[in-house]
Amino acid sequence: MSAVKAAAPSAARLSWRGWSLLWRPRAVLVSAAVVLAAACVALVQLGVGDYPMSPAEVLATLAGHRGAAQELVIYELRLPRLLTAALVGLALGASGAIFQSVTRNPLGSPEIMGFTMGASAGAVATVLVFGGQESSGMAGALLGGFATAAVVYGLAHRRGIQGFRLILVGVAATALLDSLISYLLLRARLQNAESAYTWLVGSLNGADWQQVQIIGITVCAMIVPVVAIGGRMRLLEMGDDLAQGLGVRVKVTRRRLLVIGTVLCAGAVATAGPIAFVALAAPQIMRRLTGGPVSIVPAAFMGALILIVSDLAAQRLWPQSQMPVGIPTLCIGGTYLAWLLYQQSRASRL
């Protein structure tokens, strides 16, 4: 391996046997700090509850040095929920970074563009119209997310894709899908409507190893495409003409990015329902912390941290109510969205 060479004042290049990787030390340090913070919060989360455990006891249980009671609490009750939160946060953060990069707009996230609502509508329709169960609701969420992405992309595609047009079409699709969900709920029986409620507000209550497998497979399947296409995402942000001049197939690359982002978003919704604002906030928070452009991997780490912290808050602030995790993220994300809109308005006046 050759020595790491400075590629720019804020970047470095790592080369090995013909492969070259450009990385920014500040982004790496911030990402490592976020991962460490997420690990610390996760350790706390595994220890709190009706059966409290100290961090040392949690680590000992994970290492297999405690009894059956501790292993039951950790492995069957708490660890699946924690891993689901981390993986769903990773998927949402990465998805938000992809859509914000493609649209070149900080408001370009799955929930703003209608993909999250499409996945929710697909799951609700499956449960209420076709009488499906939870597993079929997951399939409906995946189909709904992909169908919405295809429609939004098709309507927004006119002599190429423009980010602002994509967002406007997504906002319109969100309104239509929200009306459809409201209609289905009004026509449904009370018991069926209650069973569909989980697809309207994101929740990690009752998360098990099956959900870990679903989102785990989704995230793992997208790792290779993200690594392969992530570098070209930077070139797209410079403009279509310049990217094409540098050898990037603009339309093909943009379609592939949209597919990857849609898969991650739909997998997250199919696992835990529509968890609001994680995909919107995570990329922009990391962009400000790293001082660089929106990047998939740092945004994914921040998404995991936000969701783990939000789930801990949902469990401990009102321990008897089983609050859905979507409520704390809605509070955090709504505050962030108001601040972001204020910043955008202020910048436009200058």
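Trainee: Which residues of helix 1 are buried?

Mentor: In this predicted model, the buried residues of helix 1 are Ala27, Val30, Ser31, Val34, Ala38, Val41, Ala42, Gln45, Leu46 and Gly47.

Trainee: How should I read the spacing in such a list?

Mentor: An α-helix has 3.6 residues a turn, so residues three or four places apart point the same way. In helix 1, the buried set includes Ala27, Val30, Val34, Ala38, Val41 and Gln45.

Trainee: What covers the buried residues of helix 1?

Mentor: The cover includes helix 2 (55-62), helix 3, helix 12 (278-290) and helix 13 (296-316).

Trainee: What span should the 23 residues of helix 1 have?

Mentor: At 1.5 Å a residue, helix 1 (residues 25-47) should span 33 Å, and its end C-alpha atoms are 33 Å apart, so the two agree. After helix 1 comes Gly49, with a positive phi near 140°.

Trainee: How far does helix 3 reach from its first C-alpha to its last?

Mentor: Helix 3 (residues 68-103) has 36 residues and reaches 51 Å, close to the 52 Å expected.

Trainee: Where does helix 3 bend?

Mentor: The bend is at Arg78, by about 45°, and Pro80 follows within four residues. Arg104, which follows helix 3, has a positive phi, near 55°.

Trainee: Why is helix 3 described as largely enclosed?

Mentor: Because 27 of its 36 residues are buried, the rest of the structure largely encloses helix 3. For the protein, 48% of the 350 residues count as buried.

Trainee: How many helices and strands does the protein have?

Mentor: Its secondary structure comes to 14 helices and three strands. Among contacts between residues at least 6 apart in sequence, 71% join residues at least 24 apart.

Terms used. Residues are numbered from 1 along each chain as its sequence is written. This is a predicted model: local features need pLDDT of at least 70, side-chain atom pairs count only at pLDDT 80 or more; totals for chains, interfaces and linings use all residues. Side-chain values use heavy atoms; hydrogens and water are left out. Helices (H or I, at least four residues) and strands (E, at least two) are DSSP runs, numbered from the N terminus. The expected span of a helix is 1.5 Å times one less than its number of residues. The bend at a residue is the angle between axes fitted to the seven residues ending there and the seven starting there. Buried means under 20% relative accessible area, exposed over 50%, partly exposed in between (1.4 Å probe, protein chains only). Contact means heavy atoms within 4.5 Å.
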